[in-house]
2 protein chains.
Amino acid sequence: MIAVLAGGVGAARMLAGLVQIVPPTEITAVVNTGDDLVLHGLHISPDLDTVTYTLAGAINPETGWGLAGETWQAMASLARYGGVTWFGLGDQDLGTHLYRTQRLHEGADLATVTAEIAAAWGLALRLLPVTNDALRTRVTVEGEGEVGFQEYFVERRHSVTVSSVRFEGAESTRPAPGVLDALVAATTVVIAPSNPIVSIGPLLAVPGVRDAVEARRDDVVAVSPIIAGAALKGPADRLLTELGHEASVVGVARLYAPLAATLVIDEADTDLATAVEAEGVRCVVAPTIMSGPAEAAALASVVINSTSRS
Amino acid sequence: MIAVLAGGVGAARMLAGLVQIVPPTEITAVVNTGDDLVLHGLHISPDLDTVTYTLAGAINPETGWGLAGETWQAMASLARYGGVTWFGLGDQDLGTHLYRTQRLHEGADLATVTAEIAAAWGLALRLLPVTNDALRTRVTVEGEGEVGFQEYFVERRHSVTVSSVRFEGAESTRPAPGVLDALVAATTVVIAPSNPIVSIGPLLAVPGVRDAVEARRDDVVAVSPIIAGAALKGPADRLLTELGHEASVVGVARLYAPLAATLVIDEADTDLATAVEAEGVRCVVAPTIMSGPAEAAALASVVINSTSRS
């Protein structure tokens, strides 16, 4: 059994690699819900959907989110009214949010609905929201005050300076059923190459999750989302710096050292391997840019063969 | 000033006739919201939308509801999940519901949002929901028990036997701002050819509305939705019979006599004019089938020239 702590795009690609080399039924992805939002009355779970659509082979390859071949009639109509259109919702994608919202209104919990959606796409891996409870990443933007995560990430295109991040409601959440079990049962726990602050951070903020990961430290392998000082996608590098961390594999090692015995870094950072190990983690150097399925599978193979015990 | 008590399709056509012969800014439509529903988390107001889309010239002429040239990607996606698809929501139409729901979540009332939507479509008449408060038509279906209006009307295609109808929450509603004023100020109050039970009934169930209409009885003109014993569309004939009324212009006259001094009936019912007047209402005979804009304008002209005072 493999457990994967997952954010959005990077995690989705990592999982797409893993399912090629491990039977999907042996994989549990524990997915960030701090990005979730209620907009237009709809419950939207961007990271869960990115993982689902990616694994279903239905993701829009150009954006990394949303569905391929999407149409935008509803958004065009919403624009006529001067509605909130900065968060783009394609017509097919809306079907997912309509379904999720209706099921939640009916009393189903998010994990149940997530499993139903994954099954509808034919996915065999287990996809779990980290919690069924409300967890909302909030970002303090310099000169503006606190905004919701998507207001920061999408509406402001993360091109603003962040002075703090918090996970609203985290202390009242419980891990979704199966999350802690998956962390206990896994032979390897993978921290996907997601944003350490705003993708992995919310997972660790759910009471019990950080402890469960730390308890498995020897078997935890993190993949650095930072390559040569930069994030492939998104604001991880900038956020790390703004919040007082180092935007490098060494900074990532420092953050993850209490959790992961092993850090996989990209070949571009080979010269930092010693500095990484100085943070107290084993350093594995490999190509980490998942430009296609083959590269993702190769990285997945490195990851599951690189725990400190192997 | 003209005030129109309005349901969906029949009322929309009546209004499309009226705006041709009266300046639209002098028309207030008071629209049924008993049909409203929350589905997939979205607030849907079918009658308001039917009136809006019809007056905007954007209605699907084949169905009488929804938008012309509509696409159905979101519903197809929802069907993948086995979601609730019996209430069809086209992609463009969804934009309307997204907008309405978001604005209501933001704290706007339904009347405000309705005015915004009407303005976005360039409508100059005043469109008012009868109430900003929750009013839900509930239907007791024989052998099944009570269901929501749309579960009766759309999901069961109104092809079931109804034993009673009630307007849940009506006693706690207040007329939306402007509704009573419009009824007081109107030179003519029109009861559109809508279903007397489930379209006009909810309007009259809002405290104050029935009294306000009765107070204007001399200037109230109703148009019979029953022609030759049948409804042009929908279950009005069947409902009238099932609930102990007569599915004829005489039955309509009996229902509306306390409210309207005048009833317009179709030429097909000329032979019932005397029986209608025996119910205590003036009877005006005219072509009432609004097969196109010209016919609608002609009927509108008959209506506003047929109050008992004219």
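Biologist: What makes the way H4(B) passes H5(B) a left-handed or a right-handed crossing?

Modeller: A crossing is left-handed if the near helix is turned anticlockwise from the far one by less than a right angle, and right-handed if clockwise. In this predicted model, H4(B) passes H5(B) in a right-handed crossing. Residues are numbered from 1 along each chain as its sequence is written, while chains are lettered from A and ligands numbered from 1 in the order in which they are written. Local features need pLDDT of at least 70, side-chain atom pairs count only at pLDDT 80 or more, and totals for chains, interfaces and linings use all residues; side-chain values use heavy atoms, without hydrogens and water.

Biologist: At what angle do the axes of H4 and H5 of chain B cross?

Modeller: Roughly 145°, and the axes come within 10 Å. Axes are lines fitted to C-alpha atoms, for helices over the stretch in contact, with angles from 0 to 180 degrees between N-to-C directions. The helices, H4 at residues 91-105 and H5 at residues 110-120, are DSSP runs (H or I, at least four residues) numbered from the N terminus.

Biologist: Which residues of H4(B) and H5(B) make the contact?

Modeller: Contact means heavy atoms within 4.5 Å. H4(B) contributes B:Thr96, B:Tyr99, B:Arg100, B:Arg103 and B:Leu104; H5(B) contributes B:Leu110, B:Thr112, B:Val113, B:Glu116 and B:Ile117. Of these residues, five are nonpolar, two polar and three charged.

Biologist: Why is A:Thr114 called buried?

Modeller: Buried means under 20% relative accessible area, exposed over 50%, partly exposed in between (1.4 Å probe, protein chains only). A:Thr114 has 5%, so the residue is buried. A:Thr114 is found in helix H5 of chain A and, leaving aside neighbours within four places in sequence, is in contact with A:Leu48, A:Leu127 and A:Pro129.

Biologist: What makes A:Gly95 count as buried?

Modeller: Its relative accessibility is 0%, so A:Gly95 counts as buried. A:Gly95 is found in helix H4 of chain A and touches B:Ala74, B:Ser77, B:Leu78 and B:Tyr81, not counting residues up to four places away in sequence.

Biologist: How do you know that chains A and B are related as by a two-fold rotation axis?

Modeller: A rotation of 180° with 0.0 Å of shift along its axis superposes chain A on chain B, with RMSD 0.0 Å. The two copies are therefore related as by a two-fold rotation axis. In chain A, the C-alpha nearest the axis belongs to A:Gly41, 2.7 Å from it. Copies are superposed by least squares on the C-alpha atoms of residues with pLDDT of at least 70 in both.

Terms used:
Helices (H or I, at least four residues) and strands (E, at least two) are DSSP runs, numbered from the N terminus. Ala, Val, Leu, Ile, Met, Phe, Trp, Tyr, Cys and Pro count as nonpolar, Asp, Glu, Lys and Arg as charged, and the others, Gly among them, as polar.
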